[in-house]
Amino acid sequence: MLPIARWAGLSLTAVLLSAAFAWGTPPVASPAATPPVRAAAARSLTLDPPEGPPGSTVGVSGHGFGKCTRAGLVAEPQPPDEPAGPAEIRVFWGRGGGGQSTVTADADGEFETEVTVPSDAVPGSRDVIALCTVNSKVTATADFRVTPTPRPTTLALDPAEGDAGTSVTVSGSGFDGCTADDGRAGGIALTWDDGPLPGVTPEEIAVDAGAFTAEFTVPSDADAADHTVTATCAEDARVSAEQSFTVTSVPENQPAVRLEPSSMRAGGGSVNLSGSGFDCPEVALSWAGEPLATLAPAQDGTFDTRFDVAPDTAEDSYTVRAACTDDPGTGADAAFTVTGEGPVPPSPTPPTPTPPTPVPPTPTPTPDPTTDTVPVGLVVGSGLLGAALLALAGFAFLSHRHRGPRWVRDHVSSRPRPAPGATEVAEPSGTGPPTRSVRLEPHPDPGEQTLKEEDP
C-alpha cells in the first residue's frame, strides 16, 4: 500500500504546482497586426528610341527610384513633419560617360529626361545608366544600339536642262534608310513639280545599297522654266531628295488633248477624246497609266476618237494621256473626274413660244321652250299603279290554285252513308283516258254519313 500512496501523493503535488504556475504567469500578448507593406516598384529604365545614330536625342524614363532621397544611408526614420526630399539622379552614357543629365524622381519614384548620343560613339551596343548621387545602390541600366551615321541623300540629273521631251537619267544616293517593314530595301517614287511623272523607267525604282538609277522624259507640256524633280522613299517620306531641271524651250506646236465631257457621274459612259500637235505616226492612249488604245493621227497631227468609262469605275480623278509610241515624252495629259454628280449640261436657249390659236368657247345650249316637261307626279303615280296591278294579279293567281290538305281538313267534313261497296270509280273521257279516278275500300257501316261544305 505504501508505494501506491506515495505515487498518488507525488502526482497530486505535481498537479498543484502546475496549477499554481499557470495561475501566476501573465498571459502572452498576441503580436499586433502590422499594416501591409506596399511592394516597391522594380527599378528600370526605358529608352525612346532604343537605337539611333551619333548626335541623336534619346528619351529616358526611370521607375522605382523612390529610395533616392537626401537621407542617404541613414537608418533613422525621418519625422513625419520633416520628410527627406528626393536626391539627384545622374543619367549618363557608360564607357566614358558623356551626354549626362541630372534629374530628381517624383513621389512615385519616377522621372523623365533626355540624353544625347555622343558624337564619337561607334556603332554597337552602349549602356545608359541612371545613378542616385547619395546612394549608389539605387541604380538602373538600359541598352542602346548606336547605328551608323546616315549619308546625306543626293539626287543628280543628266542632263540638268533641255527642251520639253528630253530624256533624262536620274541617280540617287544616301537612301540607306529607305527600307520596308521586313528589312528589305524600299522603293523610290519620282515626281515632277509634286505631280506624277509619266514615262519613268522602271516604274518601280528599287534601292540597292542606298542608291538607285532611273530614266524619265521631260513632259511635253512643260513650260520654259525651272522645275523640281523629287525622289521620295515610298515606305518613309522623310527619306527624300530633290533636284532642279530647267526647260530651255518648248515646241511651237505642242501636243494637247481635250475631253468632252471632262467629268461624269459614276456608272460609266462614253467620252470623246480629241488631240492636236501629234507629229508622229502612232499615238498610244492610256487611262490612269493603263493602256487604252492606239491610233494613227491625221497628217496635221490631230485625231478624234471615243472611249468608254467602265460602269464600276470609282469616284476619283483620273489622268488620260496621249503620247507618241516612238517618243513617250511627246504627249499630253487631261484630267477626267468621276463623281457622284453628273456633268452640268449647257443651258439650252429656250425656244420662242408660239401663241396658241384661240378656240371659241362652245355656247351653253338654251332649253327649247317647246319641249314638254313630264311632271314628276305623273311618273310616280304610274309606278304606283303598276305595282298595284301586279299585286292584284298575284292575288288572283294564288286564290285559284288547288287547295292543300291543311285547307281541306279545316274546311271539309264528311259523314259516310250505307251504300254498296265499289272498288274503283273512273271519270270517263270522250277523247282519252279518265281524267281522274277514286279508289274505294269497303269498311263497316258507321251509320249515316253526310258531306257539307262549310266554307264555300
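Two strands pair if DSSP finds at least two bridges between them. Strands are DSSP runs of E with at least two residues, and helices are runs of H or I with at least four residues; both are numbered from the N terminus. With that rule, strand β20 (residues 269-276) and β23 run antiparallel and are joined by seven bridges. One of the bridges can be named: S274 has D304 in β23 as its partner.

This is a predicted model, where local features need pLDDT of at least 70, side-chain atom pairs count only at pLDDT 80 or more, and totals for chains, interfaces and linings use all residues. Residues are numbered from 1 along each chain as its sequence is written, and side-chain values use heavy atoms, with hydrogens and water left out.

## Two open sheets

β20 and β23 belong to an open sheet of three strands, in the order β18-β20-β23, with antiparallel pairing. β18 (256-260) and β23 (303-309) are the edge strands; each has a single partner strand, so one side of each has no neighbour in the sheet. From one strand to the next, the twist averages 25°. Such angles run from 0 to 180 degrees between N-to-C directions, with axes as lines fitted to C-alpha atoms, for helices over the stretch in contact.

Another open sheet has three strands in the order β1-β3-β6, also paired antiparallel. Why is one side of β1 and of β6 left without a neighbour in the sheet? β1 (44-48) and β6 (111-116) stand at the edges, so each has a single partner strand. Neighbouring strands here are turned by 25° against each other on average, direction ignored.

What holds strands together? Strands of a sheet pair through backbone hydrogen bonds, either parallel or antiparallel.

| Strand pair | Bridges | Example |
|---|---|---|
| β1 and β3 (residues 57-63) | five bridges | L47 with V60 |
| β3 and β6 | six bridges | T57 opposite T116 |
| β4 (residues 88-93) and β7 (residues 124-132) | five bridges | V91 with A130 |
| β7 and β8 (residues 139-146) | eight bridges | G124 with V146 |

β7 and β8 are also joined by a hairpin, through six residues.

## Buried or exposed?

Buried means under 20% relative accessible area, exposed means over 50%, and partly exposed lies in between (1.4 Å probe, protein chains only). β6 shows a pattern. Its side chains alternate along the strand. F111, T113 and V115 point to one face and are buried.

L45 lies in strand β1. Its relative accessible area is 11%, so L45 is buried. Contact means heavy atoms within 4.5 Å. Leaving out residues up to four places away in sequence, L45 touches residues including V60, F111, V128 and A130. L45 and A130 are 85 residues apart in sequence, but their C-alpha atoms are 7.8 Å apart in space.

G99 is in the loop between β4 and β5 (101-104). How accessible is G99? Its relative accessibility is 35%, so G99 counts as partly exposed. Beyond its neighbours within four places in sequence, G99 is in contact with V91, W93, V115 and T116. G99 and S119 are 20 residues apart in sequence and 9.5 Å apart in space, C-alpha to C-alpha.

## Nonpolar cores

A nonpolar core is a set of buried Ala, Val, Leu, Ile, Met, Phe, Trp, Tyr and Cys residues joined through side-chain atoms within 4.5 Å. The largest has 25 residues. Those with the most contacts inside it are F175, I188, L190, W192, F216, V218 and F245. Elements that give two or more residues to this core include β12 (187-192), β15 (212-217) and β17 (240-247). A second, separate core has 24 residues, among them L45, V91, A105 and V128.

W192 has contacts beyond four places in sequence, including L197, F216, V218 and F245.

## Rings and charge

Rings of Phe, Tyr and Trp (its six-membered ring) pair if their centres lie within 6.5 Å; planes under 30 degrees apart are stacked, over 60 edge-to-face, and the rest tilted. This rule gives nine aromatic pairs. Ring pairs link W287, F307, Y318 and F336 into a cluster.

A charge sits over a ring if NZ of Lys or CZ of Arg is within 6 Å of the ring centre and within 35 degrees of the ring normal. The charged end of R90 sits over the ring of F92, 4.1 Å from its centre.
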